[in-house]
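Hi,

Here is the structure I promised to pass on. Have a look at it first, and then read my notes below.

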Amino acid sequence: VHNAASQAQTTSATAELEQIYREHHGRVLRAAYRVTGNAQDAEDVLQTVFLRLARREGGSPLSDSPGSYLHRAAINAALDIVRSRQAQRSTPLDDVAPVLAVAADEAPDKRQDAGEIREQVRKALSRLSPKSAEIFALRYFEGFGNHEIARMLGTSRSTINVILHRTRQRLKDEIAAYVGEGQ
Amino acid sequence: MNRKEFDLDQLLDRAVAEIHDDAMAPEAERAAGDRVWETVRREGERAASAQPRQQQIQSCDDFQSLIPAYLQGALSDARKLLFEDHVNECLPCRRELKAARLARRPAVAAGSSAGSGLLSRWGLRAAAAR
């Protein structure tokens, strides 16, 4: 009886997991791709997020918005991947001054190349504080409104405004350094 | 705003707009989704079978937890017989089954609210709050 019950429980759990996966995996994968810019990384993020779910890691009751919850999980896992790539490839970066892996005078042909700047923004974002990076990605990559982000993160809209303003400024400093107009 | 600031704002806005529009090819998305589901499904089954307290049917709550699988036709034959025997004898469980049947169509149509309930049970605060 126990074996049969166990099998039924497993089947039921799998059906639930499949329903959650079917409803939400697309948005997790797409958000991860936007943050990482890489299909393999996005797939790794998708797997990471849903394996945690399958293992029932965590345990606190969920908020009333499972979609945005998984969205956040995707962005944070994606930022983790970009961060670990950065850590592998470069020496630790100064936390205060904008520092880029490739200085403008080393890459004159890359000046103001939109695709290159896009990649620099992704990398620069991963060097900011995790909270700032998450908020910026939610606002500008994913298109959430400031009010919604404040609600998702349990903070005030004015806090979100301040963090977004600072993060924009920091990213502009990074772009300026990259295109050789900074400092 | 001076010209440099204006240019930098434009460069940043253009870069984030491109990132916002960045997408995998639909067929690549589908393939990735299928591959990952296989891994996730196996892990989910392993995790579910590794939780001993959920393996035993000891109470009406346990029987009622089987209702979704029963309605999906996902129970084994033996389990289905046991379930039906119990439901025939137990009024509260019979009521739960009836309510679940009635709720099934609207719940499927409602989509996100059904997902919310499921996700609550799965509990994944740690998954997002990292």
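Let's start with one residue: I75(A) touches A31(A), V35(A), E134(A), A137(A), L138(A) and E142(A), leaving aside residues up to four places away in sequence. Contact here means heavy atoms within 4.5 Å. I75(A) sits in helix α3 (residues 66–89) of chain A. Helices (H or I, at least four residues) and strands (E, at least two) are DSSP runs, numbered from the N terminus. Is I75(A) buried or exposed? It is buried, with a relative accessible area of 0%; buried means under 20%, exposed over 50%, and partly exposed in between (1.4 Å probe, protein chains only). The C-alpha atoms of I75(A) and T36(A) are 9.1 Å apart, although 39 residues separate the two along the chain.

Before you go further, a word on the ground rules. This is a predicted model, where local features need pLDDT of at least 70 and side-chain atom pairs count only at pLDDT 80 or more, while totals for chains, interfaces and linings use all residues. Residues are numbered from 1 along each chain as its sequence is written, chains are lettered from A and ligands numbered from 1 in the order in which they are written, and side-chain values use heavy atoms, with hydrogens and water left out.

Now for chain B. It has 8 helices and 0 strands, and 35% of its 130 residues are buried. Take the contacts in chain B between residues at least 6 apart in sequence: 40% of them join residues at least 24 apart.

Next, where the chains meet. Helix α5 (residues 130–141) of chain A packs against helix α1 (residues 3–21) of chain B at an angle of about 80°, with axes 9 Å apart. Axes are lines fitted to C-alpha atoms, for helices over the stretch in contact, and angles run from 0 to 180 degrees between N-to-C directions. α5(A) and α1(B) are therefore roughly perpendicular (under 35 degrees counts as roughly parallel, over 145 as roughly antiparallel, 65 to 115 as roughly perpendicular and the rest as oblique). On the α5(A) side you'll find F136(A), Y140(A) and F141(A), which meet L12(B), V16(B), I19(B) and H20(B) of α1(B).

The other pair is helix α2 (residues 39–54) of chain A with helix α2 (residues 26–49) of chain B, at about 20° and with axes 9 Å apart. α2(A) and α2(B) are therefore roughly parallel to each other.

Cheers
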